[in-house]
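Biologist: I have the model open. Walk me through the loops first, then the sheet and the helices.

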Amino acid sequence: MNKMIDNLGRKISYIRVSVTDRCNYRCIYCRPEDQFEFIPHQEILRYEEIAEIVEEAVKLGITKVRITGGEPLVREGIADFIRQLRKINKLEDISLTTNGFFLPEYAKKLKDAGLTRVNISLDSLQEEKYNRITRGGSLEKTLKGIDSALKVGLLPIKINTVLIRGINDDEVEDFVRLTLRRPLNIRFIEFMPSGEELKDNYRDKFISILEIKEKLIKKYLLDPIKISTENGPAKYYRIKGGQGTIGFITALSQHFCKNCNRIRLTSEGKLRPCLFSNKEVDIKQAIRNVKTEDKIIKSKIIRNSIKKAVSIKPEGHKLNEKFSNRDSFKMSKIGG
Ligand code: SAM
């Protein structure tokens, strides 16, 4: 039975876990090109600590976990960690968000370890532009990564595309056409004010998903697909005869907080009930302060921290109003 219903009646069943703040890319909307201050190694949660937290969260009603970062595939031992999570009874779904660069070598290992599916970030289909957005990423490697994920069956594959006006909004139709021939689920995401480089002219760079959708509707017949609200914030459509789907995530223009079912665990061990709020519970300190080896006491302390995080979950974010051109939050630290 789910014991995690928050003060507003939302059932919390999903945890996003950032396993590292490190990344092999430096996406322009996510982190600065250099001078990035990494969290010291000893402050990052160990895999055993994360597994303990997830295990207790599952006892409370969590059924899905998403592994993210930074780039989760740069952390050593990630496949073994997923194998460890797989052993948790009643954990139904383990997914992972990646930039896809290391997937050609990791897809099979991850599948064998028990990973259910992947989300792959892909913001351009043009090599030069992809390189510019990711500051050094390889489109070729990421496309190969998508092929590998398809081949080993890490399904359904969701492709996350953050749209930025004047940068990649001219490629929307190219992305849409990918769904005709391949079973890929393209999700257009509204760019949020977390980028270091773009935050100064955020309002000029923001493009609403509604605007994109209206343009697409004029050209393509989009059939809505009904998916339960528990499956995340996207609204999905299919082009007649297409193998994949098209999703729209309106994080800013129409937020979906009333259906939010998630909490986050940052790589440095803070439980965050909302990506956009500074409210957090220091679960790492709670675990590391326990002086006893008594498993029952330790489990109780972990569960209390999780319940505390759920109890302080805000009603919703007010990103639209809150962020001026100067403000931003650090996605790279919290984990997307
Ligand atoms: N490295 C992995 C990746 O590239 O997918 C996982 C971490 S990344 C922070 C997770 C997701 O957050 C990506 O899909 C990325 O596009 C999204 N993201 C990061 N900054 C964003 C922003 N400012 N607005 C919208 N989405 C953002």
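**Loops, sheet and helices**

Biologist: Where does Pro-156 lie?
Modeller: Pro-156 lies in the loop between helix H5 (139-152) and S5. Helices (H or I, at least four residues) and strands (E, at least two) are DSSP runs, numbered from the N terminus. Residues are numbered from 1 along each chain as its sequence is written. This is a predicted model, so local features need pLDDT of at least 70 and side-chain atom pairs count only at pLDDT 80 or more, while totals for chains, interfaces and linings use all residues; side-chain values use heavy atoms, with hydrogens and water left out.

Biologist: And the peptide bond from Leu-155 to Pro-156, cis or trans?
Modeller: That bond is cis, with omega near -5°.

Biologist: What is phi of Lys-90?
Modeller: Phi of Lys-90 is near 75°, a positive value in a residue other than glycine. Lys-90 sits in the loop between H2 and strand S3 (93-98).

Biologist: Is Lys-90 buried or exposed?
Modeller: Lys-90 is exposed, with a relative accessible area of 66%. Buried means under 20% relative accessible area, exposed over 50%, and partly exposed in between, using a 1.4 Å probe and protein chains only.

Biologist: What about phi of Arg-135?
Modeller: Arg-135 is not a glycine either, and its phi is positive at about 50°. This residue lies in the loop between helix H4 (127-134) and H5. Arg-135 is buried, at a relative accessible area of 17%.

Biologist: Now the sheet. How many strands, and in which order?
Modeller: Twelve, in an open sheet with mixed pairing, ordered S7-S8-S9-S6-S5-S4-S3-S2-S1-S10-S11-S12. Strand S7 (222-225) and strand S12 (281-282) stand at the edges with a single partner strand each, so one side of each has no neighbour in the sheet. Two strands count as paired if DSSP finds at least two bridges between them.

Biologist: How do S7 and S8 run, parallel or antiparallel?
Modeller: S7 and strand S8 (residues 235-239) run antiparallel and are joined by four bridges. Ile-225 stands opposite Tyr-236 in S8.

Biologist: Which way do S1 and S10 run?
Modeller: Strand S1 (residues 14-18) and S10 are parallel, again with four bridges. Val-17 stands opposite Leu-265 in S10.

Biologist: And S10 with S11?
Modeller: S10 pairs with strand S11 (residues 270-272) in the antiparallel sense over two bridges. Arg-264 stands opposite Arg-272 in S11. The two strands form a hairpin with four residues between them, and Gly-269 in the turn has a positive phi of about 85°.

Biologist: Which way do the residues of S10 point?
Modeller: In strand S10 (residues 262-265), Arg-262 and Arg-264 point one way, Ile-263 and Leu-265 the other, and all are buried. In a regular strand the side chains alternate between the two faces of the sheet.

Biologist: Helices next. What does H6 lie across?
Modeller: Helix H6 (residues 172-181) lies across strand S5 (157-163), strand S6 (184-190), S8 and strand S9 (245-249), and runs at about 155° to S6. Axes are lines fitted to C-alpha atoms, for helices over the stretch in contact (heavy atoms within 4.5 Å). Angles run from 0 to 180 degrees between N-to-C directions.

Biologist: And how do H1 and H2 cross?
Modeller: The axes of helix H1 (residues 47-60) and helix H2 (residues 78-86) come within 10 Å and cross at roughly 25°. H1 and H2 are therefore roughly parallel to each other: under 35 degrees counts as roughly parallel, over 145 as roughly antiparallel, 65 to 115 as roughly perpendicular, and the rest as oblique. The contact is made by Tyr-47, Glu-48, Ile-50, Ala-51 and Val-54 of H1 with Ile-78, Phe-81, Gln-84 and Leu-85 of H2.
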